[in-house]
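Have the structure open while you read.

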Amino acid sequence: MSLVRQEFLSLREILDATGGALLAGDPQVRPLGISTDTRTLIPGQMFVALRGERFDGHDFAASALAKGACGVLMERGRGSSLPHYPGAALVEVQDTLFALGEIAGKWRRLHNATFVGITGSNGKTTTKEMLASILERSRSVLKNKGNLNNRIGLPLTLLELRHHHKAVVLEMGMSEPGEIARLCRIALPQVGLITQVARAHLEGLGSIEGVAREKGELFHALGAHGTALVNLDDPWVVRLASRCEAHKVSFGFSQGAMARAAEVEPFRDKGARFRLELAGDSVWVCLKAHGIPMVRGALAAAAAAWVLGATLSDIKEALEDFRAFGGRLHVISLPQGKVLIDDTYNANPVSMSAALELLCRGGSGRSVAVLGEMRELGASTASAHRELGETAARLGVKLLVPVGKWASWVAEGALEAAENGEIEVRKASNCEEAIEILRSLISPGDRILVKGSRAAAMETVVEALKSFPAEAD
């Protein structure tokens, strides 16, 4: 990813921010911006060589200079093998990923926009997109592109800041201890929103208490002068809010929430509907999306937008214009009256239950659930997958196709919970096998949910289902 701007930090300011050592080059040079990808690098940018499990940016440093980079920021001891380019800067640091964050943090501190941080086990991206769409009606907004929400993506987002931006909406992801705290130190959010705390990333965090502790770093970072958006329906979030000094604004379905959804109809034909009660006023909101998770995201976005001065009319109009995007409870009409629910972006026990509820209660037709693995659940993996099967049976799934190495646990849970053989279970070891099962069993009028963790690549099943009618007719 690249960044182009007419004016950026000087090399001296980059050295000050990172504590780097200048081995070559003029400290007064002002790069045009930062690049971490030689494929999109523009001459005049500084190349930051990041290293990951499957790549090492240092291998492309010479290529960056050949393409016109004004310099390279590398790990210590890696610069000696680089060819000499007259005038090019060479900076060495202890950790290039950490240095990228420090550069982004320094750039963030030069801007006066309002910074919003959003984290949580479910609904981060939808809430971010909804909030940004509301705020964009009255001001210039910067937000993460896609899911660039980690220690690489968030700094790169901040490096796109311009002085005309009045609000910055930042999704903050987490997969290991300390990540949210680090992102907060870079971004310095003034408004923080935790969507939910649920069983996710347990492999790295150990327990839901560990998840809550890490998510709570966002509220902690707000200090006494920030504002915390509190999901009143989530006991973990309420507990985290009670420990922080920030001003609190609550949202939820519960009585007493400052922003409340009342008379909720999550499964209407054209989308969910609810009455938004906010600041002593109320208005009906009709979404172009279905299910409780979408209503919750809309409510969270409305509360945050209200804190930032959005009008009730802007909130209503933006939410009603919002459309769910691929992979996140995206409802697709297929030929022969079939309905496909694409929720393949990711999965954990809470989001699985919500998607199954939409499948079984959101319309007529035989309910078919194609469920991939839930990753990073640690010691809870077996029990969580058995519970998933039980939930599918309890809600009334008629055809269950569990996919992957833990499919047997899902199948066991479903068959144990089902009464009188009311659920048909067909296990698949991989997506290709699942596609073949579906090819022979899908019928006109079926409602089909496809969901799983990102690594399960369940989107391949979605794409295959879209092609079925031509082959089956």
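Which residues in α13 meet which residues in α14? In this predicted model, the α13 side brings Pro349, Met352, Ser353, Leu356, Glu357, Cys360 and Arg361, and they meet Ala384, Leu388, Thr391, Ala392 and Leu395 in α14. Sort the residues of that contact by type and you get eight nonpolar, two polar and two charged.

As for geometry, α13 covers residues 349-361 and α14 covers residues 381-395. Their axes sit 10 Å apart, at an angle of about 15°. Angles under 35 degrees count as roughly parallel, so α13 and α14 are roughly parallel to each other. Their crossing is right-handed.

Now for the other pair, α4 (residues 124-135) and α11 (residues 292-307). Here the axes come within 8 Å and cross at roughly 45°, which makes α4 oblique to α11. This crossing is right-handed. On the α4 side, the contact is made by Thr126, Thr127, Met130, Leu131, Ile134 and Leu135. From α11 come Met294, Gly297, Ala298, Ala300, Ala301, Ala302, Ala304 and Ala305. The contact residues of α4 with α11 split into eleven nonpolar, three polar and no charged.

Here are the two pairs side by side:

| Helix pair | Axis distance | Angle | Contact residues by type |
|---|---|---|---|
| α4 and α11 | within 8 Å | roughly 45° | eleven nonpolar, three polar, no charged |
| α13 and α14 | 10 Å | about 15° | eight nonpolar, two polar, two charged |

How values were computed
Residues are numbered from 1 along each chain as its sequence is written. This is a predicted model: local features need pLDDT of at least 70, side-chain atom pairs count only at pLDDT 80 or more; totals for chains, interfaces and linings use all residues. Side-chain values use heavy atoms; hydrogens and water are left out. Axes are lines fitted to C-alpha atoms, for helices over the stretch in contact, and angles run from 0 to 180 degrees between N-to-C directions. Helices (H or I, at least four residues) and strands (E, at least two) are DSSP runs, numbered from the N terminus. Angles under 35 degrees count as roughly parallel, over 145 as roughly antiparallel, 65 to 115 as roughly perpendicular and the rest as oblique. A crossing is left-handed if the near helix is turned anticlockwise from the far one by less than a right angle, and right-handed if clockwise. Contact means heavy atoms within 4.5 Å. Ala, Val, Leu, Ile, Met, Phe, Trp, Tyr, Cys and Pro count as nonpolar, Asp, Glu, Lys and Arg as charged, and the others, Gly among them, as polar.
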